[in-house]
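Subject: Structure handover

Hi,

Here is the structure for you to look over. My notes on the ligand site follow below it.

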Amino acid sequence: MFHTRFIVAENAQEAGALAADIFENLINVKPACVLGLATGSSPLPIYAELIKREKEGKIDFSRVRSVNLDEYKGLAPDHEQSYRYFMQENLFNHISIKPENTTVPDGLATDVDAMCKAYEERIEEWGGIDLQLLGIGHDGHIAFNEPEDHFPKMTHEVKLTEMTIEANKRFFNSADEVPKSAFTMGIGTIMNAKKIVMIVTGAGKKEILKKSFWGNVDPQVPASILQLHPDVTVVCDKDAYPF
Ligand code: F6R
């Protein structure tokens, strides 16, 4: 079993800054690195920090490449709830990353198999993901890999669970508007990343954090697979830390 590193911050803001340090260090030693990025509330303080740090001249995104974890099926890139739109609004539009160096699954893909295959190929062509950022769902999902009887390997289509639809409806007018399916990197794609940083904040995540890193490795708790990755850092706040 590998040892997951835990960094416990005072609050979400500080957790964001501490996680941003890991990104800053990597970008400075490897300017053309490949970042795996996430959406959701948890990464927002990190993205705000990274934007600020580039403006201050501490980092340079002009050669960085990125690949996102997931996208809702059926949402166009300019749909306000699409993950492409989220990334543009919360990070890409404010940093020097080149548009052609950013990748989010195509929510409108009609040939799903071809899109998923091309997604994996792009990651491989770029030499793999140097640093993958993750959040965690209340059911232990990472990206959109929901609890299942196995760990899905590569980028694929998933049906979202009621729990995830419920959790994500806060961004839509109603639960009915939340797409029922999504495209997501697989657990295998994530496990292939050279380094993983997970950001977890708020008391609501305490229980699942404990289950994921102090419980059994079990596909019913997808994040528990991270116990088998050699380089995982969890940056959490005091409220989310189980001890
Ligand atoms: C986002 C993603 C999801 C979120 C998770 C936690 O790209 O893949 O797995 O990381 O749902 O979301 P928040 O941070 O909003 O609690």
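A word on terms before the numbers. A pocket here is an open set of points on a 1 Å grid over the protein atoms alone, with protein on both sides within 12 Å along at least five of seven lines. Note also that this is a predicted model.

The largest pocket holds about 650 Å³ of space. It is lined by 35 residues, and Thr39, Gly40, Ser41, Asn168 and Arg170 are the closest to its centre. H3 supplies the largest share, five residues. By class, the lining splits into 16 nonpolar, 13 polar and six charged residues.

Where does the ligand sit? The space it takes is the largest pocket.

Next, the shell around the ligand. It has 14 residues, the closest being Ser42, Asp70, His141, Ala143 and Lys205. Four residues of the shell are nonpolar, seven are polar and three are charged.

Which polar side-chain atoms lie 2.7 Å or 2.8 Å from an oxygen atom of the ligand? One belongs to His141, at 2.7 Å. Another belongs to Lys205, at 2.8 Å. Ser41 comes in through its backbone: an N or O atom there lies 2.8 Å from a ligand oxygen. On its own, the ligand has 410 Å² of accessible area, and the protein covers 92% of that.

Best wishes

Notes:
Residues numbered from 1 in each chain as written. Predicted model: local features only at pLDDT ≥ 70, side-chain atom pairs only at ≥ 80, totals over all residues. Heavy atoms only, no water. Near = heavy atom within 4 Å. Polar contact = N/O pair within 3.5 Å; in protein donor to acceptor, adjacent residues only side chain to side chain. Areas by Shrake-Rupley, 256 points an atom, 1.4 Å probe, with all protein chains shown as cover. 1 Å grid on protein atoms, 1.4 Å probe; cavity = no way out; pocket = protein on both sides within 12 Å on 5 of 7 lines; lining within 4 Å. Sits in = over half its atoms within 2 Å of the grid points. Nonpolar A, V, L, I, M, F, W, Y, C, P; charged D, E, K, R; others polar. Points joined across faces, edges and corners; volume = space filled by probe spheres on them. Helix = DSSP H or I, 4+ residues; strand = E, 2+ residues; numbered from the N terminus.
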